[in-house]
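Hello,

Here is the structure I said I would pass on. My notes follow it.

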Amino acid sequence: MRLYEYEGKMLFKEFGIPVPQSVLIGDPRELDKVIYPAVLKAQVFIGKRGKAGAIKIVNSRQEAELEIKNLLGRVIAGYEVKSVLIEEKIDIKKELYLSAIIDRKLHKPLILASSEGGMEIEEVAKSNPDAIVKHYLEVGEYPEGWTGRWIARAIGIPSSLISKASSIINQMYKLFLDYECKLVEINPLAITKDGNLVALDSKVDLDEDAMYRHPELKKLGISARHEVGELTEREKIAKKAGVPYVDLDGDIGVFPGGAGFGIASIDLIKHFGGNPANFMDSGGAPTQERLRLMIDLLMKNPRVKVIFGARFGGISRCDDWARAICQYIIENKPEKPMIMRMAGNMEQEGRKIFEKYRHEEPELFKDIKIYKFDTPIEEVIKETIKIAK
Amino acid sequence: MAIIIDENTETIVQGITGTNAQLHTKFMLDYGTRIVGGVTPGKGGQVVHGVPVYDTVKECLAQHPNAKVSSIWVPARFTRDAILESIDAGIQIVIVIPEGIPIHDMLFVRKKAKEKGVVVIGGNTPGVISPGRALIGMLPKIAFKRGRIGTVARSGAITYYIANSLNLEGLGESTSVGLGGDPILGSNFEDVLKMFEEDPDTDAVVLAGEIGGVYEELAAEFIKTMKKPVIGFITGRVAPQGKRLGHAGAIIEGELGTAQSKITALKSSGVLIAETLSEIPVLVKKALKSFNSNS
């Protein structure tokens, strides 16, 4: 779960990592506290914000007000600007790079550092790999004082700043461990003209699955969110209910089981010439409310012409699935056809539920088809595509 | 023989008194899995479907010293504790059902498991099945038939669909392993591939991966050293940019992490890549034919 720059910097402050003086703009009166020239930074989750027009330098309050008006509500690279951070302008002598990450191959955490800051580390890895210093740590181990000092020297930080730099490096790593992050990045870390070190940007990626252990984040105003960036209306409704959902631009509503098959069904629908309207994931053993909400999202999406559904019951049982679909149909009398396949745990019980409701309300169930496990899933997908066309 | 479990493997269930665990304990017993004990702290002395419940894994193993495999059914926040308890007590294989285990917990578990030589499968795995022999987890038995193809996949439902596709074409599975859908897993693909390579009951392996992480790329390195054919199925080809579809995220690894990167890596190791589920049995048959004529 990616944090906004200003949220990351709140955590930096808590760990004693120096950041520029700043004000987050929600209320224009806050501008009274700003000393000009200052830097305006739109809070959006993209790199290279300068080039994207998300960072402006302003010399007066008047100019600041005008630029803030321009920035707020604007959509930059797909992200709506909801807040703007104003910071004191720092005179930069040199830009460096620091991060704490997990090496996904070795399953070990490491500190990455580079004398080349201000650009994406992937670019440095390509253009000048020798400029990157890597220091691996054991899982759960905190760095010693010498670790920070050694890394600082290895990326060319002068002797006069070695204690400050070492403290920033080790505190960054402490933040990474204490808040169980996936990533903490300071890029750039600036050496200022007056000989100080300041974290000019922050990138903090939290592990949403570990957030229950950090209620203190809530006090800072950081609460669980699922994706990087802004969500569509339907995505917001889904997120509120805890359903991973992504809007796509097609006309076939996808009502799969878990994430894995959800991803596969999008591929398969495209492969056979159809267009999926969404990605969705029921999660393991979904409740009746969650399942009904999933169907409702698709039924109410004007783009959706037909719904493709699949349940291979493991921990998510077929009878629960059938009950949710039938109740939704009885209560809402939807008109969109549903082409589905159901197999797996509690399948017989699930079929009985469908048959009972179909018998009672044959008209409502005339466009509802449910195949068994002896029909390949591809055939079910092809039939759905035919109806959509 | 199969891998990981067979009809003789004695197993225990941690968190056996939970609703889902009770239901699936019943399914596992019905399938023939030898569940000798269960563990739930504070519920020692109870009995679930005839299985005695203990407060700790150590007490359970004192009564059932041959138990080798444990499956974990506790909530994600207690999973690290439960796995470490099993590792310490002397369990050899731990199968981790819960999903959403904190990343740093799993990094620690991997480290401890490695030190003790314990195999951890999952989290967010549907489990492991050696069809006709034994089943651990919540895989639906209807999807599987005994045969000579090993399968290993990151997603639960994909595991079922692959077996289903193989069975519809007259093939069957020696063992099907759910590697798990969480970002940091207890085992890599190659840990399982190695077992299949050495298993006399397995002729070929189907590997199914998806976008995110680098487990497929790591597998590609190992596959170069394998004799048995591997058929691949990778999902997330048309996944929208910058939006996560349920599972693991990307991290600095250059170009690694996309479906294309995984497909390219696997292809370069000689893996035949299926475009659809029903193409999998076709490629398996093709690979077996050329493998048999070569050897």
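Which elements of chain A do the buried residues of H1(A) pack against? They pack against strands E1 (22-25), E2 (38-42), E6 (84-88), E11 (197-199) and E12 (203-206) and helix H5 (162-178) of chain A. Contact here means that the C-beta atoms of two residues, placed from the backbone, lie within 7 Å. Helices (H or I, at least four residues) and strands (E, at least two) are DSSP runs, numbered from the N terminus.

The model is predicted: local features need pLDDT of at least 70 and side-chain atom pairs count only at pLDDT 80 or more, while totals for chains, interfaces and linings use all residues. Residues are numbered from 1 along each chain as its sequence is written, and chains are lettered from A and ligands numbered from 1 in the order in which they are written.

Helix H1 of chain A covers residues 5-14, and its buried residues are Glu5(A), Tyr6(A), Gly8(A), Lys9(A), Leu11(A) and Phe12(A). Buried means 20 or more other C-beta atoms within 10 Å of a residue's own, exposed 12 or fewer, and partly exposed in between, with C-beta atoms placed from the backbone. Gly16(A), with a positive phi near 75°, follows H1(A).

Most residues other than glycine have a negative phi, and most peptide bonds are trans. In chain B, Ile4(B) has a positive phi near 65°; this residue is buried, with 23 other C-beta atoms within 10 Å. His49(B) also has a positive phi, about 45°, but is partly exposed.

The bond from Asn187(A) to Pro188(A) is cis, with omega near 5°, and Pro188(A) lies in strand E10 (181-192) of chain A.

Regards
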